[in-house]
Amino acid sequence: MKATIWHNPKCGTSRKTLAILENLSKVELTVVEYLKEPPTADKLRQLYTDAGIVPNEGLRLRGTDAEERGLPDADAESVLAAMVADPILINRPLVETEKGVRLCRPQDTVLEIL
């Protein structure tokens, strides 16, 4: 099985999710450090759609200025544009497999798509 994780190595939940994936021999893993290689708005839109959430639900509030910018109440396209321009606003980790996409908070959520 192939899996892609949009990962931030400074995030404990992201590191724990990555460890789960790395410990499974059946997973061919791609790690994308999204702060260095931000996804496009189209890719984010697809990830959130496949996860069954809206972009606002994938918005990172803690440690960002998202609330001051009014992003929690903004329309989806404005949130996506802000995430692309400032990827720290993307909550993590997102994991994509052929079984779906999950925002893996908590990290065990990844098991739903393995």
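Mentor: The side chains of E112 and R102 form a salt bridge, with N and O 2.7 Å apart. The term stands for a side-chain nitrogen of Lys or Arg within 4 Å of a carboxyl oxygen of Asp or Glu. R102 belongs to strand 4 (100-103) and E112 to the segment after it, so the pair ties together parts that are 10 residues apart in sequence. Strands (E, at least two residues) and helices (H or I, at least four) are DSSP runs, numbered from the N terminus. E112 is exposed at 52% relative accessibility, while R102 is partly exposed at 24%. Here buried means under 20% relative accessible area, exposed over 50%, and partly exposed in between (1.4 Å probe, protein chains only).

The model is predicted: local features need pLDDT of at least 70, side-chain atom pairs count only at pLDDT 80 or more, and totals for chains, interfaces and linings use all residues. Residues are numbered from 1 along each chain as its sequence is written, and side-chain values use heavy atoms, with hydrogens and water left out.

The structure holds seven salt bridges. One of them joins R45 and D42, at 2.5 Å from N to O. These two residues are three apart in helix 2 (residues 41-51), which means about one helical turn separates them. R45 is partly exposed, at 29%, and D42 is exposed, at 56%. D42 and R45 are also linked with E77 in a network of salt bridges.

D65 and R69 form another salt bridge, their closest N and O atoms being 3.3 Å apart. D65 is partly exposed at 35%, and R69 is partly exposed at 40%.
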